[in-house]
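Hello,

Here is the structure for you to look through. My notes follow below it.

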Amino acid sequence: MNKTFKTSLAALVFSTSSMMAMAAAQAKDITIWCWDPNFNVAIMKEAGAIYSKTHPDINIKVVDFAKADVEAKLQTTLASGVTTSLPDIVLIEDYGAQKYIQSFPGAFASMNDVVDYSKFAPYKVKLATVDGKTYSMPFDSGVTGLYYRKDYLEQAGFKPEDMQNLTWDKYIEIGKKVAEKTGHKMMGLDPNDAGLIRIMMQSAGGWYFNDKGELNITGNEALKAALTTEGKLIASGITKPAAGWSNWVSTFTSGDVATVITGVWITGTIKATKDQENKWGVAAIPKLDVKGATDASNLGGSSWYVIASSPEKKEAIDFLNSVYAKDVDFYQKILVDQGAVGSLMEARKGAAYETADKFFGGEKIWQKFADWLSKVPSVNYGVFTNEVDSAVAAQLPALGKGGDVDAALKAIEAQAKSSMQ
Amino acid sequence: MASANRSLNRYFDINGWFFVAPAALLIAIFMVYPILQTLWMSFQTGKGMMTQFGGLANIKRLFDDPMFMLALYNTMIFFIVQVPVMLTLALFLAALLDNPNLKFRGVIRTAIFLPCVSSLVAYSVLFKSMFVQDGLINSTLLALHVTNQPIPWMTDPFWARVLIIIAITWRWTGYNMIFFLAALQNIDKSIYEASRIDGVPSWGRFFYLTVPMLKPVILFTTVTSTIGTLQLFDEVRNIMTSDAGSAAGPSNSALTLSVYIYNLTFKFVPSFGYAATVSYVIVLAVALLAVIQFYALREKD
């Protein structure tokens with residue numbers, strides 16, 4: 001009797017402990033949604049591989065679908081209140097950060113207890129902060145640059161030195177010469193896309209909103225200068241109209257236009273055109289003619305967010321923190337492999353940032369982007385950037401035909417006001 | 001008395017209810033409930049999940065919203081220009097193809113009908129690549145010296161609307177033509193014989209015989225086309241907007257009510273209540289236009 005009891009007790013203890021061991025050995029899944037297979041998907045897989053080496057019990061699953069679908073799915077799922085189908089980590093473009101954080105309070109986990117945010121580019125931290133709490137792991141930066149075709153400019157009589165410290169007036173002047181001598185337009189421009197307006201505006205420290213998040217349109221010198229400049233660009237005839245993203249990309253991959261002004265993430269696309277090797281150079285973007293204008297700005301860029309209701313929340317935050325906030329070598333690898341300029345400041349001192357890029361004729365382009373990154377003016381992207389953007393884009397075709405800038409600003413303000421409810 | 005009793009019995013017949021119950025239940029869950037829920041939602045204001053009851057605030061917002069007015073204006077332009085053009089075209093094509101002496105009748109019919117089996121997204125993407133600045137259409141027009149400047153199909157507000165109208169007309173004309181063709185077959189041929197003997201010219205036969213006889217079908221195609229045009233979404237979304245672009249066509253010239261609803265829900269700060277209000281505007285517009293069309297094409301005794 002006693003013996004059977006002991007045996008069964010032993011069996012019970014054994015089975016319980018083995019069950020506990022099994023539970024511990026069972027890998028935990030961290031699911032991640034992001035959108036670009038050559039960029040953030042590949043980078044997240046790399047990060048996952050690094051983390052799994054030290055944490056074999058964690059299994060990183062990267063799900064890749066189109067950006068618009070990620071956003072629509074995230075938005076509808078959060079609205080439905082059913083959180084079980086959400087991932088543990090999701091990538092959100094910086095312009096939408098405040099929209100998600102403020103529209104769905106409590107949906108994302110703040111990481112202030114774990115992450116040392118002083119190590120990141122300040123503008124990236126600020127854009128995901130509400131009431132002193134920061135909800136993102138800052139990821140890639142959209143620091144801007146002016147990519148130019150050295151061969152076309154040379155034919156028009158310009159050297160790389162002529163492309164430094166440009167103003168927009170000087171840029172248009174060069175563009176006219178290039179068009180005259182080579183027949184190539186200076187840049188592709190999509191009149192439905194307010195991206196260039198945002199670049200110019202932020203380069204002078206302005207945005208659609210002031211620091212308090214209030215609408216700032218009619219008295220906004222930076223926006224006014226940006227709209228005036230874009231009007232001049234279109235009117236001068238040095239732009240090639242493009243319809244949509246892929247059409248815009250083809251304006252330079254086909255070798256049609258002489259320059260591209262956009263975020264650093266385009267580098268990979270430019271380098272993919274192998275026949276254009278050694279033909280490209282990189283310079284700072286032209287300066288606006290207003291107070292506080294700089295030659296550094298930002299377009300796009302995104303950050304990682306952890307879903308607060310996720311059962312693997314702690315693990316997800318630890319994963320992001322140990323790779324994205326600490327691993328300088330990781331940033332060197334993604335810079336070389338994917339052309340991703342991260343926003344961790346100490347990563348800039350790594351070896352990869354010092355390398356000369358063969359494609360750009362041996363220029364140390366990464367060092368340049370890193371320098372510009374530290375100069376990007378910090379602005380408040382606010383909650384309603386998409387709404388105002390749509391209002392701005394609606395005014396662009398009229399401006400190109402010589403429309404009045406002040407009237408356009410008034411129309412933008414009226415439309416934006418009614419959208420911000 | 002007896003017949004009234006019988007119909008009442010029928011009303012309370014449990015077996016009858018039993019048969020319609022599954023369908024009725026499904027309709028209640030997937031049609032009636034969402035429609036009522038949307039109506040309730042249209043009185044809510046706020047961002048995302050932070051909603052509260054706002055009474056008539058959303059309706060007031062409609063009248064102060066220039067973007068909504070623009071969407072309504074664009075939708076009406078598409079409706080007023082496109083529906084008559086398409087239906088007239090479909091009617092003429094049907095009358096021509098009804099001629100039994102026409103060679104390759106079947107082939108031509110199929111060719112005109114085929115566009116409407118293509119997927120909306122697929123044909124939109126194809127149209128987009130054909131109509132870009134240096135696309136197939138512009139290079140053809142330039143080569144034929146129809147124009148000496150490429151037409152700014154996607155970068156000029158006027159041409160953007162023209163492009164959308166061309167696209168939906170291409171897609172839907174054949175579909176409506178089939179209804180007219182089917183109706184034409186039902187018209188008694190002896191009427192035409194009689195009129196021919198009376199010396200009515202062919203245009204007279206078309207306008208005074210064919211068109212009046214087709215009235216019910218014209219009404220049907222007008223109402224369905226109206227509904228389709230007011231809900232226009234796929235073409236604009238795929239031809240005129242991109243992930244990077246912020247406007248629906250240059251100066252938002254192709255922004256329709258459905259695209260605006262999409263933007264309000266998925267692109268902008270989610271304003272589900274206001275989006276529901278705008279969707280009820282479509283419902284009301286369709287209902288109103290249908291009533292007008294029924295009235296205009298009613299049987300006059």
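**Chain contacts, domains and a sheet**

In this predicted model, 37 residues of chain A are in contact with 32 residues of chain B. Contact means that the C-beta atoms of two residues, placed from the backbone, lie within 7 Å. On the side of chain B that touches chain A, helix 4 (66-97) and helix 13 (257-267) of chain B each supply at least two residues. Helices are DSSP runs of H or I with at least four residues, strands are runs of E with at least two, and both are numbered from the N terminus. That side of chain B divides into 16 nonpolar, 9 polar and 7 charged residues. Ala, Val, Leu, Ile, Met, Phe, Trp, Tyr, Cys and Pro count as nonpolar; Asp, Glu, Lys and Arg count as charged; the others, Gly among them, count as polar.

Two notes on conventions. Residues are numbered from 1 along each chain as its sequence is written, and chains are lettered from A and ligands numbered from 1 in the order in which they are written. The model is predicted: local features need pLDDT of at least 70, side-chain atom pairs count only at pLDDT 80 or more, and totals for chains, interfaces and linings use all residues.

Chain A has domain 1 (2-141 + 300-354) and domain 2 (144-297 + 384-419). The bounds come from an automatic or database domain assignment. Their C-alpha centres lie 34 Å apart. In contact are 10 residues of domain 1 and 7 residues of domain 2 of chain A.

Chain A also holds an open sheet of 3 strands, order 10-7-11, with antiparallel pairing. Strands pair if DSSP finds at least two bridges between them. Strand 7 (residues 144-149) and strand 11 of chain A are joined by 4 bridges.

Best wishes
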